[in-house]
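Load the model in your viewer and keep the selection panel open.

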Amino acid sequence: MPKIIFLPHEELCPDGAVVEAPTGESVLNVALENDIGIEHACEKVCACTTCHVIIREGFDSLEESDELEDDLLDKAWGLEPESRLGCQAIVADEDLVVEIPKYTINMVSENH
(Lines give C-alpha, C1' and ligand atoms only; values in the text may rest on other atoms or scores of the structure.)
Protein backbone atom coordinates (compact mmCIF):
# COMPACT_ATOMS: atom_id res chain seq x y z
CA MET A 1 0.00 0.00 0.00
CA PRO A 2 1.38 3.44 -0.88
CA LYS A 3 2.30 5.87 1.85
CA ILE A 4 1.83 9.60 2.17
CA ILE A 5 4.52 11.53 3.95
CA PHE A 6 3.03 14.75 5.29
CA LEU A 7 5.77 17.30 5.86
CA PRO A 8 5.68 19.16 9.19
CA HIS A 9 3.05 21.88 9.43
CA GLU A 10 3.18 24.19 12.43
CA GLU A 11 -0.48 23.70 13.41
CA LEU A 12 -1.82 20.58 11.70
CA CYS A 13 1.04 18.09 12.17
CA PRO A 14 4.07 19.72 13.81
CA ASP A 15 6.19 16.56 13.59
CA GLY A 16 5.00 15.54 10.15
CA ALA A 17 3.47 12.12 9.57
CA VAL A 18 3.89 8.98 7.50
CA VAL A 19 0.60 7.19 6.87
CA GLU A 20 -0.66 4.35 4.70
CA ALA A 21 -2.82 5.52 1.83
CA PRO A 22 -5.27 3.19 0.11
CA THR A 23 -5.11 3.41 -3.66
CA GLY A 24 -8.13 5.32 -4.97
CA GLU A 25 -8.50 7.48 -1.84
CA SER A 26 -8.05 11.25 -1.90
CA VAL A 27 -5.11 12.89 -0.17
CA LEU A 28 -7.64 14.90 1.85
CA ASN A 29 -9.50 11.84 3.10
CA VAL A 30 -6.25 10.10 4.04
CA ALA A 31 -5.18 13.19 6.00
CA LEU A 32 -8.50 13.50 7.81
CA GLU A 33 -8.57 9.78 8.66
CA ASN A 34 -5.18 10.26 10.31
CA ASP A 35 -6.15 13.32 12.37
CA ILE A 36 -4.47 15.84 10.08
CA GLY A 37 -7.14 18.51 9.91
CA ILE A 38 -6.69 20.00 6.46
CA GLU A 39 -9.40 22.55 5.84
CA HIS A 40 -12.19 21.61 3.44
CA ALA A 41 -14.81 24.33 3.49
CA CYS A 42 -16.80 22.94 0.54
CA GLU A 43 -17.03 19.45 2.05
CA LYS A 44 -14.79 17.86 -0.61
CA VAL A 45 -16.77 18.75 -3.74
CA CYS A 46 -14.13 20.78 -5.62
CA ALA A 47 -15.80 24.14 -4.99
CA CYS A 48 -13.10 25.97 -3.01
CA THR A 49 -9.34 26.01 -2.47
CA THR A 50 -9.07 25.39 1.27
CA CYS A 51 -7.68 21.86 0.82
CA HIS A 52 -4.82 23.08 -1.39
CA VAL A 53 -1.70 20.92 -0.97
CA ILE A 54 1.64 20.76 -2.75
CA ILE A 55 2.78 17.33 -3.93
CA ARG A 56 6.56 17.44 -3.42
CA GLU A 57 7.16 13.85 -4.61
CA GLY A 58 4.95 11.50 -6.59
CA PHE A 59 3.11 14.25 -8.48
CA ASP A 60 3.38 12.42 -11.81
CA SER A 61 1.62 9.36 -10.38
CA LEU A 62 -1.60 11.36 -9.93
CA GLU A 63 -4.21 11.73 -12.65
CA GLU A 64 -4.10 15.13 -14.32
CA SER A 65 -6.23 17.86 -12.83
CA ASP A 66 -9.32 18.91 -14.73
CA GLU A 67 -10.26 22.42 -15.83
CA LEU A 68 -12.44 23.12 -12.77
CA GLU A 69 -9.65 22.19 -10.36
CA ASP A 70 -7.15 24.27 -12.34
CA ASP A 71 -9.48 27.28 -12.23
CA LEU A 72 -9.87 26.95 -8.47
CA LEU A 73 -6.15 26.47 -7.92
CA ASP A 74 -5.54 29.81 -9.64
CA LYS A 75 -7.12 31.37 -6.52
CA ALA A 76 -5.07 29.41 -3.98
CA TRP A 77 -2.51 31.04 -1.74
CA GLY A 78 1.05 29.99 -2.57
CA LEU A 79 0.24 28.22 -5.83
CA GLU A 80 3.08 26.10 -7.26
CA PRO A 81 3.35 23.86 -10.34
CA GLU A 82 2.84 20.80 -8.11
CA SER A 83 -0.25 22.21 -6.38
CA ARG A 84 -3.42 20.15 -6.20
CA LEU A 85 -6.67 20.23 -4.29
CA GLY A 86 -6.47 17.52 -1.65
CA CYS A 87 -10.04 16.45 -2.42
CA GLN A 88 -9.14 15.84 -6.07
CA ALA A 89 -5.65 14.31 -5.73
CA ILE A 90 -6.33 10.57 -5.77
CA VAL A 91 -3.63 8.21 -4.53
CA ALA A 92 -2.34 5.88 -7.24
CA ASP A 93 0.41 3.30 -6.73
CA GLU A 94 3.32 5.52 -5.67
CA ASP A 95 4.24 7.09 -2.36
CA LEU A 96 3.58 10.82 -2.07
CA VAL A 97 5.30 13.59 -0.16
CA VAL A 98 2.79 16.32 0.65
CA GLU A 99 3.26 19.83 1.96
CA ILE A 100 0.29 21.60 3.49
CA PRO A 101 0.59 25.35 2.83
CA LYS A 102 0.77 27.60 5.86
CA TYR A 103 -2.22 29.69 4.75
CA THR A 104 -5.54 29.26 2.98
CA ILE A 105 -7.71 31.97 1.46
CA ASN A 106 -10.24 31.46 4.28
CA MET A 107 -10.27 34.19 6.87
CA VAL A 108 -11.94 31.88 9.39
CA SER A 109 -11.09 28.24 9.97
CA GLU A 110 -13.93 25.74 9.63
CA ASN A 111 -14.34 23.12 12.35
CA HIS A 112 -15.60 19.83 10.99
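A nonpolar core here is a set of buried Ala, Val, Leu, Ile, Met, Phe, Trp, Tyr and Cys residues joined through side-chain atoms within 4.5 Å. Buried means under 20% relative accessible area, exposed over 50%, and partly exposed in between (1.4 Å probe, protein chains only).

This is a predicted model: local features need pLDDT of at least 70, side-chain atom pairs count only at pLDDT 80 or more, and totals for chains, interfaces and linings use all residues. Numbering starts from 1 along each chain as its sequence is written, and side-chain values use heavy atoms, without hydrogens or water.

**Core.** Select Ile 4, Phe 6, Ile 38, Leu 96 and Val 98. Of the 25 residues in the largest nonpolar core, these five touch the most other members. Next, color helix α1 (27–33), which gives the most to this core, four residues. Helices (H or I, at least four residues) and strands (E, at least two) are DSSP runs numbered from the N terminus.

Now center on Ile 38. Beyond its neighbours within four places in sequence, its contacts (heavy atoms within 4.5 Å) include Phe 6, Leu 12, Leu 28 and Ile 100.

**Sheet.** Show the strands. Five form an open sheet in the order β2-β1-β5-β3-β4, with mixed pairing; strands pair if DSSP finds at least two bridges between them. β2 (17–20) and β4 (83–85) are the edges, each with a single partner strand, so one side of each lacks a neighbour in the sheet. Zoom to β1 (residues 3–6): four bridges join β1 to β2, antiparallel. Ile 5 sits opposite Val 18 in β2.

**Polar pair.** Finish at Asn 29 in helix α1. Asn 29 is buried, at 18% relative accessible area. Its side chain makes a polar contact of 2.8 Å with that of Lys 44. Such a contact is a pair of N or O atoms within 3.5 Å; within protein, one must be able to donate a hydrogen and the other to accept it, and residues adjacent in sequence count only if both atoms are side-chain atoms.
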